[in-house]
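Hi,

Here is the structure I said I'd send over.

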Amino acid sequence: MVSGTVIGFFASAALFGATFLLPLYFQLVGGADASGSGFLVVPFLGSNCVGAYAAGQLARRLGRTRALMCAGVGGCALGFALLATVTPATPHVLTIAWQLLLGVSIGVIMPTSLVATQNAAERRDVGTATGMLLFLRSLGGAFGSTLVGALLAARFGTVLHGLGLSVHVDLSEMRLHGALAGVPPGAEAALKAGLTGAFHLAFMACAILMVLAGFVAVRMRDLPLRTVSAQEPAEAAVLAH
């Protein structure tokens, strides 16, 4: 039960971290406008739904969840690591492919962690276990978005300080404030490279979080899914007739 809630925490951090980073990346590094950025994030968001549906079907067929959890966590770590290599010169098809991998993987984890947590709990504790998981998911989302935002600001601030530039970064409004026009060409290129590096650092931090989740996933008990509560065999037998 604890393993499922911990993985749910990391999965929520990954989901909110990616949701925070991807639109910003497409606007600040890729140069897309707000509507274009939203369109480019659609593969990630849509594949979340596909992964969740597939996880439900596979869990019912397999009768267990650990293999799905490990696959989802591994896919997340790989997806974030691949996004940490993306540059403005990367073909769009590759960027979309990495988003699809990440989105499907997160979609697999989210419902599977809930099922695993509820399945491991006694019937009287299912409500408590579900509440604990949802609470940790909320904390994970706040942690993930705060972590990547802090890393972006800190890393980019270091680059600005090194270049001797004064530019205010307002990530909440998804734009750069300051007079970038007139900056020497070399400094402007270094500024763009520094911003790209900041995103790479944030994506890699999310990958590390999912590696930690992987250690939890491989050590969790692979309990068979139950269709009725083990505490109510008599009631189940009556209902079967």
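Let's start with Thr-5, which counts as buried at 2% relative accessibility. Bear in mind that this is a predicted model. Thr-5 sits in helix 1, and leaving aside residues up to four places away in sequence, it touches Thr-117, Ala-129, Met-132, Leu-133 and Leu-136.

The rest of helix 1 is worth a look too. Helix 1 covers residues 2-29, 28 residues in total, and reaches 39 Å from its first C-alpha to its last, close to the 40 Å expected at 1.5 Å a residue. Of those 28 residues, 22 are buried, so helix 1 is largely enclosed by the rest of the structure. Just after the helix comes Gly-31, with a positive phi of about 80 degrees.

For Cys-76, the nearest cysteine sulfur belongs to Cys-206 and is 9.8 Å away. A disulfide needs the two sulfurs within 2.5 Å, so 9.8 Å is too far for a bond between Cys-206 and Cys-76. Cys-76 is buried, at 0% relative accessible area, and Cys-206 is buried as well, at 2%.

Last, the surface. Met-204, Ile-208, Val-211, Leu-212 and Phe-215 make a nonpolar patch of about 460 Å². One of them, Leu-212, lies in helix 6, residues 185-219. Leu-212 is partly exposed, with a relative accessible area of 41%.

Cheers

Key
Residues numbered from 1 in each chain as written. Predicted model: local features only at pLDDT ≥ 70, side-chain atom pairs only at ≥ 80, totals over all residues. Heavy atoms only, no water. Patch = residues over 30% accessible without salt bridge, like charges linked within 9 Å, V, L, I, M, F, W, Y side chains within 5 Å. Areas by Shrake-Rupley, 256 points an atom, 1.4 Å probe, with all protein chains shown as cover. Salt bridge = Lys/Arg side-chain N within 4 Å of Asp/Glu carboxyl O. Helix = DSSP H or I, 4+ residues; strand = E, 2+ residues; numbered from the N terminus. Buried < 20%, exposed > 50% of the residue type's maximum accessible area, 1.4 Å probe, protein only. Expected span 1.5 Å × (residues − 1). Contact = heavy atoms within 4.5 Å.
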